[in-house]
Structures are given as structure tokens and as C-alpha cells.
Amino acid sequence: MIKRRELLWYSVFGTTATFIYFFIRFMSKNWTDNVLITVMLAQSVAIVFSFFANKFFVFKNTGLGFARSLKQFIEFIAGRFFVIMLDLGIAYFFVERYSRVMISLLHLQRINYQQLLFRHPLIGPYMGNAYLLNEFIFTVLSQVLATIINYVVSKRIVFNAKKSYEGELVSSS
């Protein structure tokens, strides 16, 4: 059963990790036009942040020795590998390779990007044309899927206090 406090903290830190992901992903577009590089960079930073936030604040999985914490970090990264592949797949197919098809299917070319919302200096650079809006939509989709998958993996596998840690668990609450 999911504890409400745990879910609240997961939501807070998950939202923070998502903002970090979005910030890194869209700011790194200034350095490269390759969407796959921006995804990898954003995922890397968000994963490191998420590990420490989940370990210490969400699941309160403290009191383990260095070796066990390192093993958890490796498990955490392994668990996130599927999400990275999913994110890269979504970015490649829906943004890099078939963006024109998706823009047409979603009728994004019909939107007036000169309207107030899209002209705003904080929104325009990230959603100010059909290609950018398409990327933004599929980034949001990948992050929603990532949040759900990551919670299950973190809760059930990586930070599962019920797993036997061979006497290393000092305090899990």
C-alpha cells in the first residue's frame, strides 16, 4: 500500500526532477540541434538528482553502508535505463524522424504561433512553432510515462526496505 506522505514527497521531488529535466533538455538546445544528445544530458542530471532525493527524502532508505548504497545507485541507473530508452525512442520517432507526420496528425501547423501565449518570452522559445510544440508535447508524454515507471521500479526494487541487505540495514524509517 502506498503511504500518502511517501507519495506526496515522491510527487514533490518527481516534479522537481521533471523541471530539472525540462530545463536541461531545452537549454541544451542552445548547444546542439541533436535531440538525442539533449535527452541523454537531461536524463543524466535528472537521474542523479532523483537517486539522492528518493533515497534520502522519499523512501528514507538511509543507514546503509557505502557498498550497499553504491549497489542501490547501480540498480537505480539500471532501472532508469528502460526509461532512457523509452525517452530516446519517443524523441527519435516522434521528434527527430517523424515530426512532420506528427505535426500533421496533431494539426499543429494550424495553430497561430503569433498569439500572446506563444509570443511570451518564456514560452515562445520552447513552443513557438509547430516543431517546438511537437517536441514539447512528446517530452511531456515521455515524462509522464517515466514518472509512473520510475516510481514502481524505485518502490518495488531499488529502495525496497523489505529486501535482505545482509545486516547492513541500520535504519529504514
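I started with the order of elements: from the N terminus on, the protein chain runs α-α-α-α-α-α-α. That makes 7 helices and 0 strands, where helices (H or I, at least four residues) and strands (E, at least two) are DSSP runs numbered from the N terminus.

A note on what I am reading: this is a predicted model, in which local features need pLDDT of at least 70, side-chain atom pairs count only at pLDDT 80 or more, and totals for chains, interfaces and linings use all residues. Residues are numbered from 1 along each chain as its sequence is written, and side-chain values use heavy atoms, with hydrogens and water left out.

**Overall dimensions.** I boxed the C-alpha atoms along the principal axes and got roughly 60 × 30 × 30 Å. Of the 173 residues in the protein chain, 38% are buried (under 20% relative accessible area; exposed is over 50%, partly exposed in between; 1.4 Å probe, protein chains only).

**Helix 7.** I looked up residues 130–158 next: helix 7 has 29 residues and reaches 39 Å from its first C-alpha to its last, close to the 42 Å expected at 1.5 Å a residue (the expected span is 1.5 Å times one less than the number of residues). At its N-terminal end I found Asn-129 as the cap, with a side-chain oxygen 2.9 Å from the backbone nitrogen of Tyr-131.

**Salt bridges.** I have 5 of them in the structure, each a side-chain nitrogen of Lys or Arg within 4 Å of a carboxyl oxygen of Asp or Glu. One of them pairs Lys-155 with Glu-6 at 2.9 Å, N to O. This pair links helix 7 to helix 1 (residues 4–27), 149 residues apart, and both Lys-155 and Glu-6 are buried.

Then I turned to Arg-25. Its closest approach to Asp-87, N to O, is 3.9 Å, linking helix 1 with helix 3 across 62 residues. With Glu-135, Arg-25 forms a salt bridge at 3.3 Å; Arg-25 lies in helix 1 and Glu-135 in helix 7, so this pair ties together parts 110 residues apart in sequence. Why do I list Arg-25 as buried? Because its relative accessibility is 1%. Glu-135, at 4%, counts as buried too. Shared partners join Arg-25, Lys-29, Asp-87 and Glu-135 into one network.

**Surface patch.** I also noted a nonpolar surface patch of about 620 Å², whose members include Tyr-92, Phe-93, Val-101 and Ile-137. Patch residues have over 30% relative accessible area and no salt bridge, with like charges joined within 9 Å and nonpolar side chains (Val, Leu, Ile, Met, Phe, Trp, Tyr) within 5 Å. Val-101 lies in helix 4 and, at 44% relative accessibility, counts as partly exposed.

Key: A polar contact is a pair of N or O atoms within 3.5 Å; within protein, one must be able to donate a hydrogen and the other to accept it, and residues adjacent in sequence count only if both atoms are side-chain atoms. Accessible areas come from the Shrake-Rupley method with a 1.4 Å probe; for residues, only the protein chains shown count as cover.
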